[in-house]
Structure formats: C-alpha cells, structure tokens
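Please read them beside the sequence and the coordinates.

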Amino acid sequence: MNESGVKKAMDTLEFLSQDREARRLYEERQKYLHDEASMIEWATEKGIAQGLEKGLVEGEKRKAIEIAKNMLSFGIEVSVIAKTSGLTVSEVEALKD
C-alpha cells in the first residue's frame, strides 16, 4: 500500500471514530455492499448450474437423436427405437425424412 492510501485510511478512521452517525452510515453502506456482492455471487452460481443442467439435457437429447438415426439406417422398427432411445414414436418418425 502506498503512502496516500495509508493517509486516506487514517483520515477515514479518524473521521469515523469522531462521529457516531457517520460510523453508523458507513457500517450500513458496508453491509449493503457485502449483501449486494453476496446476491450477485449467488445469482451467478445459480445461473451457471442451470446452464450446465440445460446443456446436459440438450446433449442427451442430441445423442438420443443420433442413435435413433443410426438405428433407422439399420431398418430397426420405430417402436423399438423409441423405447431404446427415450424419444417418442412421433419424434422417431420425424427423423425418417
């Protein structure tokens, strides 16, 4: 930390120690900033988790479609493909085109 930073910190400390109301306002501001940072962190973590979950679901669906297409190319019955892949019969039928 440089000298101006230390001086500013000392001035702030001196100011806050002399005025109770200023100290209270400072503490409220610090609490607000801490709460805001916590909310942002929570929202970011939740958003990332939801994004990962959505990506996994989409990836599983794509893989099921790929497998169903391969099974269709071997002439396997649509109902068997639907049961095996987890896709609906109509989804498998749509892959024929």
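1. How many salt bridges does the count come to? The model is a predicted one, and the count comes to 7 salt bridges. The criterion behind that number is a side-chain nitrogen of Lys or Arg within 4 Å of a carboxyl oxygen of Asp or Glu. Side chains of opposite charge can pair when their charged atoms come close.

2. In helix 1, which spans residues 3–18, the side chains of Asp-11 and Lys-7 form a salt bridge with an N to O distance of 3.3 Å. Asp-11 and Lys-7 are 4 residues apart in helix 1, so about one helical turn separates them. Asp-11 has a relative accessible area of 38% and is therefore partly exposed.

3. Helix 2 covers residues 20–73, and Arg-24 and Glu-28 both belong to it, 4 residues apart, or about one turn of the helix. Their side chains meet in a salt bridge, with 2.2 Å from N to O.

4. Lys-63 counts as partly exposed because its relative accessibility is 44%, between the limits of 20% and 50%. Glu-66, with a relative accessible area of 42%, is also partly exposed.

5. Which residues make the nonpolar surface patch? Val-6, Met-10 and Leu-13 make it, and its area is about 290 Å². Val-6 is found in helix 1. Is Val-6 buried or partly exposed? With a relative accessible area of 38%, Val-6 is partly exposed, so it passes the cut-off of over 30% that patch residues have to meet.

6. The next point concerns how the helices meet. The axes of helix 1 and helix 2 come within 5 Å and cross at roughly 115°. On the helix 1 side the contact involves Phe-15, Leu-16, Ser-17 and Gln-18, and on the helix 2 side Arg-20, Ala-22, Arg-23 and Tyr-26. By type, the residues of this contact divide into 4 nonpolar, 2 polar and 2 charged.

7. Two C-alpha separations give a sense of the span of the chain. Arg-24, in helix 2, and Glu-53 are 29 residues apart in sequence, with 43 Å between their C-alpha atoms. Glu-60 is also placed in helix 2; its C-alpha atom and that of Ser-38 are separated by 33 Å, for 22 residues along the chain. Is Glu-60 buried or exposed? Glu-60 counts as exposed because its relative accessibility is 58%, and the limit for that class is over 50%.

8. To close, the items to check against the coordinates include the Arg-24 and Glu-28 salt bridge at 2.2 Å and the crossing of helix 1 and helix 2 at roughly 115°.

Technical notes
Residues numbered from 1 in each chain as written. Predicted model: local features only at pLDDT ≥ 70, side-chain atom pairs only at ≥ 80, totals over all residues. Heavy atoms only, no water. Patch = residues over 30% accessible without salt bridge, like charges linked within 9 Å, V, L, I, M, F, W, Y side chains within 5 Å. Areas by Shrake-Rupley, 256 points an atom, 1.4 Å probe, with all protein chains shown as cover. Helix = DSSP H or I, 4+ residues; strand = E, 2+ residues; numbered from the N terminus. Buried < 20%, exposed > 50% of the residue type's maximum accessible area, 1.4 Å probe, protein only. Axes fitted to C-alpha atoms, helices over the stretch in contact; angles between N-to-C directions. Contact = heavy atoms within 4.5 Å. Nonpolar A, V, L, I, M, F, W, Y, C, P; charged D, E, K, R; others polar.
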